[in-house]
Amino acid sequence: MTNSGLSKILRSHLIPEERYIFGFADLRGLLDEKFSEYPYGISIGCKLDDEIIDKITEAPTLEYLDHFTEINLKLQAVCEDVVAELKDCGILAMAVKPTISTDPETFDRLLPNLRYEVSHKMVATRAGLGWIGKTDLFISTKFGARLRLASILINHEIKLGDEPIEKSRCGKCIICVEKCPAGAATGQLWDIHTDRDVFFNAYRCREQCIEFGRTHLKIDRRICGICVAVCRVGRNAAPGPRSDGKNKKR
């Protein structure tokens with residue numbers, strides 16, 4: 001199947017299309033051995049609602065928690081539907097659901113390193129969709145930090161359309177570092193040779209998310225979103241396809 005065919009399948013499930021971005025990634029040598037049968041990946045991002053994100057100031061809101069959960073479930077369903085269609089075409093594929101970071105059991109399962117087996121951010125950067133910010137957010141070129149990610153691993157050679165992004169484009173901006181209530185970021189820029197723990201303390205972030213859930217939202221959930229709200233990249237951008245139009249060429 002060509003890239004055009006893959007893109008056609010994806011677009012049939014990304015509704016409305018203007019709220020999504022997607023890209024293809026070469027993952028050879030980047031995943032755990034257990035995923036060795038999947039040398040390529042598809043990154044899918046779904047835009048979050050600006051009105052909901054803009055209401056996050058000093059703490060997360062219940063509306064954001066509900067929206068966060070809704071978009072995660074929507075992305076999970078999209079990936080599962082795409083994988084089912086690819087399998088009908090004889091292509092082996094595996095859906096990697098969005099990270100459900102509000103779930104206490106998920107946090108506990110990820111200890112001691114708070115890392116997932118497949119990093120959606122890594123797949124997205126290899127697909128050329130964006131980079132990693134100073135508070136470990138994925139920042140897309142179109143929607144900034146205001147999106148959720150999911151991935152599909154695929155055992156089918158993909159012709160890559162965009163170059164992987166291998167270093168931060170945040171420059172001197174430190175607004176997320178300054179506004180982070182956990183003080184979790186050092187302000188150092190990310191690149192593919194810099195481990196997360198060098199520039200971001202995921203444990204401080206986790207504890208702050210727990211605190212917000214218990215004391216502000218009064219529920220047993222872990223969530224923040226302040227850095228998502230303050231990031232200036234793509235802020236209040238109208239939903240739409242890739243700004244460079246390259247998705248249309250696939």
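Are Phe-22 and Phe-24 buried or exposed? Both Phe-22 and Phe-24 are buried, where buried denotes a relative accessible area under 20%, exposed one over 50%, and partly exposed a value in between (1.4 Å probe, protein chains only). The structure is a predicted model, in which local features need pLDDT of at least 70, side-chain atom pairs count only at pLDDT 80 or more, and totals for chains, interfaces and linings use all residues. Residues are numbered from 1 along each chain as its sequence is written, and side-chain values use heavy atoms, with hydrogens and water left out.

The secondary structure of the protein chain comprises nine helices and six strands; helices (H or I, at least four residues) and strands (E, at least two) are DSSP runs, numbered from the N terminus. Of the 250 residues in the protein chain, 52% count as buried. Contact is defined by heavy atoms within 4.5 Å. Among contacts in the protein chain between residues at least 6 apart in sequence, 72% join residues at least 24 apart.

Four strands form an open sheet with antiparallel pairing, in the order E1-E2-E6-E3; two strands pair if DSSP finds at least two bridges between them. Strands E1 and E3 (93–96) stand at the edges, each with a single partner strand, so one side of each is left without a neighbour in the sheet. On average, neighbouring strands of this sheet are turned by 20° against each other, direction ignored. Angles run from 0 to 180 degrees between N-to-C directions, and axes are lines fitted to C-alpha atoms, for helices over the stretch in contact. Seven bridges connect strand E1 (residues 20–26) with strand E2 (residues 40–47) in the antiparallel sense, and Asp-26 has Tyr-40 in E2 as its bridge partner. Six of the seven residues of E1 are buried. Strand E3 is joined by four bridges to strand E6 (residues 147–154), the two running antiparallel, and Ala-93 stands opposite Ile-154 in E6.

Two helices are placed against these strands. Helix H3 packs on the sheet, touching E1, E2, E3 and E6, and its direction makes about 20° with that of E6. Helix H1 (residues 3–13) lies across E1, E2 and E6 and runs at about 145° to E1. H3 has 27 residues and reaches 39 Å from its first C-alpha to its last, close to the 39 Å expected at 1.5 Å a residue; the expected span is 1.5 Å times one less than the number of residues. The buried residues of H3 include Leu-65, Ile-71, Leu-75, Val-78 and Leu-86. H3 is followed by Gly-90, whose phi is positive, near 85°.

The structure holds two aromatic pairs. Rings of Phe, Tyr and Trp (its six-membered ring) pair if their centres lie within 6.5 Å; planes under 30 degrees apart count as stacked, over 60 as edge-to-face and the rest as tilted. The rings of Phe-22 and Phe-24 have centres 6.0 Å apart and planes at 55°, so this pair is tilted. For Tyr-64 and Phe-68, the ring centres are 5.8 Å apart and the planes stand at 70°, so the pair is edge-to-face. Tyr-64 and Phe-68 are separated by about one helical turn because they are four residues apart in helix H3 (residues 62–88). Tyr-64 counts as buried at 3% relative accessibility, and Phe-68 counts as buried at 4%.

Leu-27, in the loop between E1 and E2, counts as buried at 2% relative accessibility. The C-alpha atoms of Leu-27 and Pro-39, 12 residues apart along the chain, are separated by 5.2 Å. Not counting residues up to four places away in sequence, the residues touched by Leu-27 include Met-122, Val-123 and Leu-153. Thr-125 belongs to helix H5 (residues 120–126) and counts as buried at 3% relative accessibility.

Most residues other than glycine have a negative phi, and most peptide bonds are trans. A cis peptide bond joins Ile-15 and Pro-16, with omega about -5°, and Pro-16 is placed in the loop between H1 and E1. Asp-136 has a positive phi, near 65°, and lies in the loop between strand E4 (130–132) and strand E5 (138–140). Lys-218 likewise has a positive phi, near 65°; Lys-218 is exposed, with a relative accessible area of 64%.
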